[in-house]
Amino acid sequence: MKGLFQLLSVLVRAGALLLALGCALCLMLAQGGRFSDRLDVLAHFAPVFLAGAVAALLFWLALGRRDRATPVFATIAIASAALLMGPELAAAASQKRVPAGGPSLKIVQFNLWGRNRDPEATAAWLVEEDPDVIVFEEGFARSGGVARALAIRYPHSITCAEPRPCSTLILSKRAPVAGGGLDGSVSDANLVGAWATYQGRRGQFTVVGVHYTWPLPAGPQQQQTLRLAKVLDRFPKDSLVVSGDMNSTPWSFSLRRQDRLFGLERRTRALFSWPAADFTDYSVPAPFPFLPIDQVYAGTAWKTVSVKRGPRLGSDHYPVVVELARP
């Protein structure tokens, strides 16, 4: 029995060493996202690699600190993760809020997921939350019933330009003065999205909803950013709001470049929104979200009142609720 425990101890120490080495290597390569979209894919998973490095360090401590390589590699990984994630976490900690009161705009950003497991509860939560504007992605199949259930309270809906089928919708209580899909009336860009302009108490404002592709393979998502940036230039930037499932995390260099291109302030700072559904085919629920991929931007005319994550609602994403004031 003693020999078995010694063997297990050796295997665990070797595993910790390999885990620390792998995480350090991935995080160091992720720094190459500054010049390579392919390497930038690794940056999205910085929290995962950080957790792996911390786990390796804990195993090393628990097993008697017998090698010197494991803590070195783990420290390199933790430092590399801090370089990637630190600026975003600092921005989240210092984000300014204004008190509620007076005219405001409440937006829910939500990827419904085509396989939404509880559309009835989703619709009920949205009625209770009572936003002014809802931006949906993957509003088809089972999840399409959510929009239909909200049709009385949110009678106005805008989606992508016809004839292309589209799963991105903008729902609102008030009628827009203009709107359309990003594929036709505004741009010929290959973007799954829509836009709607409303008349508010402080003047007109435009809401753009969009759904990006995955970061793999590298390249198409970055092209969508470039195309969307050109579309946004056609609207007044100070009152513009952009909301979407962008499948991109704030510690990636792709999203950092997007922040600069849009010329808007991203209000969702380190707000983890995925995953919310079962993480495997064996109905094992994800304990918590570890990727912040749902983003909301707003122009300088808008001040942030609140930004929060909604509950688990049958989708693989958590909803994001943003309230903005326009002094």
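Which residues in H2 meet which residues in H3? In this predicted model, Leu42, Ala43 and His44 of H2 are in contact with Ala46, Pro47 and Phe49 of H3. Of the residues in the contact of H2 with H3, five are nonpolar, one is polar and none is charged.

An open sheet is built from six strands in the order S5-S6-S7-S8-S10-S9, with mixed pairing. Its edges are strand S5 (178-181) and strand S9 (265-266), each of which pairs on one side only. Within the sheet, S6 and S7 run antiparallel and are joined by nine bridges. Gly193 stands opposite Val210 in S7. Helix H7 packs on the sheet, where it touches S7 and S8, and the direction of H7 makes about 165° with that of S7.

| Element | Residues |
|---|---|
| Strand S5 | 178-181 |
| Strand S6 | 192-200 |
| Strand S7 | 203-211 |
| Helix H7 | 220-232 |
| Strand S8 | 240-245 |
| Strand S9 | 265-266 |

The cysteines form zero disulfides. The cysteine sulfur closest to that of Cys23 belongs to Cys26 and is 6.7 Å away, which is too far for a bond, because a disulfide requires two cysteine sulfur atoms within 2.5 Å. Cys26 likewise is in no disulfide. Cys23 has 6% relative accessibility and therefore counts as buried.

Definitions and conventions: Residues are numbered from 1 along each chain as its sequence is written. This is a predicted model: local features need pLDDT of at least 70, side-chain atom pairs count only at pLDDT 80 or more; totals for chains, interfaces and linings use all residues. Side-chain values use heavy atoms; hydrogens and water are left out. Buried means under 20% relative accessible area, exposed over 50%, partly exposed in between (1.4 Å probe, protein chains only). Two strands pair if DSSP finds at least two bridges between them. Helices (H or I, at least four residues) and strands (E, at least two) are DSSP runs, numbered from the N terminus. Contact means heavy atoms within 4.5 Å. Axes are lines fitted to C-alpha atoms, for helices over the stretch in contact, and angles run from 0 to 180 degrees between N-to-C directions. Ala, Val, Leu, Ile, Met, Phe, Trp, Tyr, Cys and Pro count as nonpolar, Asp, Glu, Lys and Arg as charged, and the others, Gly among them, as polar.
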